[in-house]
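Biologist: Please put the model on the screen, and let us go through it by question and answer.

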Amino acid sequence: MKTRIIIAALATVLLSACSGFGLQKDYKYESCPLDPHIDMTAWEYMQSREDLSEMVEAVQYTGMEEYYSQTDSCLTYLFLNNDAIANFRNAHAQVDKIYYCDKEQVRRLLLYHIVVGEYHSLNMKLPVQPIYVKTLLDGEWGLMTLKVNKSSSNSIGSPIANGNIVANETSSNFRSKRISSVTSNIMPVNGVIHIFNDYSMFRKTDTDVTPY
């Protein structure tokens, strides 16, 4: 008899608890994506991240702050994190600070990683096949291709981030170095930002000596 009373009491408690939270009416999932927009310029965002501190130094060294703080046009900014800047330093001067590198080479590096227009993987703004885009570096040295990656794995089974941005996909822009974003689709008030852990450059042949 006591057992029945205890079971009945527990059932009453559970039912009252469930009624307090409410029952799920259906199984339809209503998505709520994170808003990629940030209420700041590309320059302000760059300064807010520790992993971009070396790029901040590069921009200040070349006096190019206006390129990242302007709000007259929307640009696609390919940000170079500290690993990317370190790769550039080691490849061009083998120094431990960006301001020991040739200033004109650093300026050209930054100009190459700013693209005219908005290119991102949201709302079909960028195709899965590489397309040529216009960077702020004039002439042939400014040639670059961009694409959005839609693959889920590579040829040896390692995962690839779906929706990341690829600059200079292999064989799409002569012998230019391929780089892939580690963070994509950040939307400041003056364009879009993708962050890379390596830098790229235009190279027509393996023997090209680039001017930066």
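Biologist: Is the crossing of α5 and α6 left-handed or right-handed?

Modeller: This is a predicted model, in which local features need pLDDT of at least 70, side-chain atom pairs count only at pLDDT 80 or more, and totals for chains, interfaces and linings use all residues. Residues are numbered from 1 along each chain as its sequence is written, and side-chain values use heavy atoms, with hydrogens and water left out. A crossing is left-handed if the near helix is turned anticlockwise from the far one by less than a right angle, and right-handed if clockwise. By that rule, the crossing of α5 and α6 is right-handed.

Biologist: Which residues make the contact of α5 with α6?

Modeller: Contact means heavy atoms within 4.5 Å. By class, there are four nonpolar, two polar and no charged residues in it, where Ala, Val, Leu, Ile, Met, Phe, Trp, Tyr, Cys and Pro count as nonpolar, Asp, Glu, Lys and Arg as charged, and the others, Gly among them, as polar. From α6 come Q105, V106 and L109, and from α5 come I85, F88 and H92.

Biologist: Where is D51 placed, and which residues does D51 contact, leaving aside its neighbours within four places in sequence?

Modeller: The loop between α2 (42-48) and α3 (53-62) holds D51, the helices being DSSP runs (H or I, at least four residues) numbered from the N terminus. D51 lies 31 residues from N82 in sequence, yet their C-alpha atoms are 5.6 Å apart in space. Beyond those sequence neighbours, the contacts of D51 are N81 and N82.

Notes. Helix = DSSP H or I, 4+ residues; strand = E, 2+ residues; numbered from the N terminus.
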